[in-house]
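Every answer sets a value beside its cut-off and then draws the conclusion.

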Amino acid sequence: MNNSNYFFENPEAFYLLLLLPLYILYLVFIQRKKQPKVKHSATTFMGSKGHLLNFLPYLSPLLKMSAFALLVIALARPRGVDESVETISKEGIDIVLTMDVSTSMKALDFKPNRLEASKEIAIDFVDGRKNDRIGLVIYAAESFTQCPITTDYKIVKNLIKDIDFGLLEDGTAIGMGLATAVSRLKDSKAESKVIILLTDGENTAGLISPMTAAEMAAKFGIKVYTIAVGRKGEVPYPYNHPFLGRQIQKINSKVDVKLLKNIATTTSGKFFRAKNNKKLKEIYKEIEKLEKTEVQELKYKNYTEFYRKYVTIALFLLVFDRLLTYVFLKSIAKC
């Protein structure tokens with residue numbers, strides 16, 4: 001990031017400009033009385049009262065004052081600075097989003113449903129990361145690595161958008177989903193390794209128990225943030241009636257809160273409960289703060305000096321003043 005500024009290194013030098021009014025007073029009340037009147041026989045040369053030559057005696061003081069003002073500006077040392085800020089990541093974080101895609105995620109207590117809400121908020125979470133690697137695992141009765149850990153956030157977001165029902169056999173294998181996520185992170189060299197495990201149900205399938213997977217995560221130094229999605233009790237759920245088409249029925253929503261809390265505790269993570277879209281978004285924001293990448297900012301400043309051009313113009317004015325005084329005005333006096 002670049003930021004350009006123009007400033008004066010010694011602004012106190014501008015107090016010298018207060019001498020200009022004193023010089024003007026000196027010219028008006030003292031120097032003017034001492035100045036001899038020039039008599040010239042060639043009245044036609046001098047011309048009328050408003051002739052340009054009548055103003056030449058005033059030009060020299062004006063040149064001197066202008067040169068003095070420019071030298072004061074130069075003394076104030078005008079400078080330009082281009083400031084560059086380079087951000088360097090000090091601590092990288094590897095994160096695997098592990099999402100439940102079982103059919104219970106069709107429940108309508110979230111808008112438009114649990115899965116779509118989870119996808120949308122997960123994409124927002126990915127947008128909030130800057131220097132971390134992110135992977136994606138989905139699970140139902142089995143688990144699958146949708147995306148290995150990567151810094152290509154565009155690919156991650158596109159693969160999150162592609163998540164849908166029917167990709168895997170139906171069921172809820174929390175242990176399998178967690179174990180797959182652990183396998184993606186166990187060899188990571190990152191300072192911090194995190195799994196965000198989201199589910200709305202109980203462990204009903206899979207060959208690996210959730211607590212066994214949690215112990216594996218703890219062994220490899222992986223923290224697991226567990227998110228229980230959905231309201232308790234009856235929730236609206238869509239189904240396709242063979243004659244009436246899409247209908248809504250009530251189903252009993254069950255989530256194993258105790259299991260998710262134990263997973264989080266075992267891995268030094270944290271448990272969250274999301275009952276609506278707003279709460280789920282707040283949870284991801286909290287995780288974002290808890291797992292914030294440490295960065296170091298290096299600032300570079302490149303200075304440009306501008307006083308030289310003011311000195312150059314001032315010297316030009318002074319030289320012109322000398323030429324005016326000793327060449328042009330003296331030539332007139334001899335005429």
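Q: What makes the link between the side chains of Asp-200 and Ser-104 a polar contact?
A: In this predicted model, the two side chains are joined at 2.8 Å. The cut-off for such a pair of N or O atoms is within 3.5 Å, so the Asp-200 and Ser-104 pair qualifies.

Q: Why is Asp-200 called buried?
A: Its relative accessibility is 2%. Buried means under 20%, so Asp-200 counts as buried. You will find Asp-200 in the loop between S6 and helix H7 (210-219). Leaving aside its neighbours within four places in sequence, Asp-200 is in contact with residues including Asp-100, Met-105, Val-229 and Lys-254.

Q: Why is Lys-161 called exposed?
A: Lys-161, in helix H5, has a relative accessibility of 52%. Exposed means over 50%, so Lys-161 counts as exposed.

Q: Which residues is Lys-161 in contact with, leaving aside its neighbours within four places in sequence?
A: Lys-119 and Ile-123. The C-alpha atoms of Lys-161 and Ile-123 are separated by 8.2 Å, while the two residues are 38 apart along the chain.

Q: What span is expected for H6, and what does it reach?
A: At 1.5 Å a residue, 16 Å is expected. H6 (residues 174-185) reaches 17 Å from its first C-alpha to its last, which is close to that value.

Q: Which members of the largest nonpolar core touch the most other members?
A: Leu-97, Ile-196, Ile-227 and Tyr-284, out of 37 residues. Several elements each supply at least two residues of this core, including strand S3 (93-100), strand S7 (222-229) and helix H9 (277-290). Helix H4 gives the most, with seven residues.

Q: What is Ile-227 in contact with, beyond its neighbours within four places in sequence?
A: Its partners include Ile-196, Leu-260, Phe-272, Leu-280 and Tyr-284.

Q: How many residues are in the second, separate core?
A: This one has 24 residues, among them Leu-185, Ile-222, Ile-263 and Ala-264. Leu-185 is also one of the buried residues of H6.

Notes:
Residues numbered from 1 in each chain as written. Predicted model: local features only at pLDDT ≥ 70, side-chain atom pairs only at ≥ 80, totals over all residues. Heavy atoms only, no water. Core = buried A, V, L, I, M, F, W, Y, C linked by side-chain atoms within 4.5 Å. Buried < 20%, exposed > 50% of the residue type's maximum accessible area, 1.4 Å probe, protein only. Helix = DSSP H or I, 4+ residues; strand = E, 2+ residues; numbered from the N terminus. Contact = heavy atoms within 4.5 Å. Polar contact = N/O pair within 3.5 Å; in protein donor to acceptor, adjacent residues only side chain to side chain. Expected span 1.5 Å × (residues − 1).
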